[in-house]
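Please view the structure below before reading on.

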Amino acid sequence: MKCLFFLLGVLQLLAAATAAYKQWIPNTNFETASNWDEGRVPCASDVVHFEKNKVVSVFVRSPHALTDMYLPLNGEFVLASGAGFAAFDGSWDPGCDSGATVRFADAEQHTWFDPTLWQALSPGRELDLSGRIFSVDEERVPCLYDDVIFQPETSFRVNVDSSRRVIHLRSISLMGQELSSPEAWAGYLRGPSAQLQFHGNGTLQVTGTSCPDKSGCACGNAADGHRICAALFRALGRQCPAVTCRSPLQPLGHCCQVCGATINLDFTPDFDLQKYRDRLVQALLSQPKYTGVRMAISKVHKAQTFLEVIPQSSTPLIQIVLIDDEAGAQTGTTAEQLAADIMDDIAQHGEALGISSGKMEVATGSTFSGQVGSHALSRITAGTVLGLLFSLLLLGGILFLHRKGKLRLPALRHPRPWDRAEDPASPAPAGDKGFDNPMFDVEPPSAVPGDEMPQEMASKDHQVFYLNPLYDASETET
């Protein structure tokens with residue numbers, strides 16, 4: 001019997017792991033108590049009030065008697081079989097003696113990128129109750145290749161404001177029908193209900209295609225990550241839950257920091273995400289000692305930077321996030337143990353699984369976050385080497401431009417002691433005639449070629465002299 005329950009648990013985990021269905025939670029049904037400001041469905045003696053300037057689509061499941069009702073200027077009632085409204089005849093209605101004015105709640109606040117308004121379903125479209133497989137926050141909202149479900153016999157209104165012009169989906173199911181082709185979805189958008197159900201600057205587009213890559217596909221919600229986190233923070237009281245580890249981790253695509261472990265995998269074309277997810281669930285996560293551990297695994301894109309400063313591009317990798325239910329100093333320790341087992345499995349079978357390398361980071365209640373191997377040192381070394389190469393290239397470029405005559409370098413001459421000690425009035429070479437003053441055009445006296453003079457006289461009379469433009473040239477003769 002224990003083996004049977006164990007097998008059922010594994011199957012449930014596998015079903016959760018393959019989930020690609022996201023179901024919208026809120027509705028605008030008339031019979032939903034939370035849609036009314038009084039927290040209850042209107043009764044016969046009540047006056048129903050819809051804001052006249054609000055756009056609504058309301059599904060009515062059953063007949064209702066009302067005293068009065070104020071309707072919006074733009075909206076619709078979708079009536080189920082036998083549903084409708086009738087005037088109250090004054091007869092006694094048990095539990096309806098208030099005769100209050102009941103107002104319909106504002107449905108404009110529900111946004112597409114609010115992760116708290118979606119729930120993941122298994123492929124059988126049953127609610128995932130295992131709780132062992134979770135998604136980072138960006139993936140809690142429908143991704144590029146997900147199937148979106150609006151529950152049958154429900155009405156809704158959702159704001160699809162987005163940083164993208166088009167939000168792509170694999171399919172959309174609403175009012176009991178599945179729309180899985182661009183043509184079918186375009187036909188629905190031309191109908192009267194679509195404009196009442198979807199509003200905002202974004203446009204939903206059904207593609208009908210699944211992820212074409214066996215290594216998985218990124219969710220595609222990174223551009224709207226700020227909207228997702230803003231909506232989550234509103235639900236959490238504008239701050240993330242407190243963590244007990246001293247140096248928490250920040251998974252890609254997740255709004256809040258976590259304690260536990262993360263593993264980033266580099267992969268080859270042989271990697272199969274679905275098979276590897278199933279392997280982790282069957283061989284490791286389903287073990288009794290890891291009952292309190294939850295896992296998220298998906299393909300993400302990590303931004304690459306030059307010298308960890310200048311953004312360049314993004315690199316796909318497989319991210320595994322592990323968290324546990326331990327508390328205090330034991331927080332994250334069970335997740336750390338599972339991460340170590342995963343790394344051991346990669347060391348033994350990584351090549352056969354299509355995994356080229358893996359990096360583990362850990363944050364527990366008793367240790368700071370750390371990395372397996374010398375990855376931090378490698379980054380520092382790589383930065384130093386790149387810095388030296390950049391400096392050499394810059395110096396080589398300057399020298400090249402100087403050699404080509406494109407760049408002139410300033411000449412710096414430092415005075416030498418022996419230059420200062422030299423006698424300025426010492427005899428000059430026989431051919432030294434001084435220098436010309438460009439502001440005074442006077443030819444300096446020169447020796448006549450061919451004249452000969454005694455060596456004693458040459459050394460006495462032929463000296464260096466300077467021309468002063470403020471005096472007559474004849475006055476310079478001594």
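Cys 240 and Cys 256 form a disulfide with their sulfur atoms 2.1 Å apart, where a disulfide is a pair of cysteine sulfur atoms within 2.5 Å. The link of Cys 240 and Cys 256 is left-handed, with -85° about the S-S bond. This pair links distant parts of the chain, since both Cys 240 and Cys 256 lie in the loop between helix 5 (225-235) and strand 17 (260-267), 16 residues apart; helices (H or I, at least four residues) and strands (E, at least two) are DSSP runs numbered from the N terminus.

The model is predicted, so local features need pLDDT of at least 70 and side-chain atom pairs count only at pLDDT 80 or more, while totals for chains, interfaces and linings use all residues. Residues are numbered from 1 along each chain as its sequence is written, and side-chain values use heavy atoms, leaving out hydrogens and water.

A search of the whole structure finds six disulfides, and three of these are set out here.

| Disulfide | Sulfur atoms apart |
|---|---|
| Cys 43 and Cys 96 | 1.7 Å |
| Cys 211 and Cys 217 | 1.9 Å |
| Cys 240 and Cys 256 | 2.1 Å |

Cys 240 is partly exposed at 29%, whereas Cys 256, at 8%, counts as buried. Both Cys 43 and Cys 96 are buried, while Cys 211 is partly exposed at 29%.

How values were computed
Buried means under 20% relative accessible area, exposed over 50%, partly exposed in between (1.4 Å probe, protein chains only).
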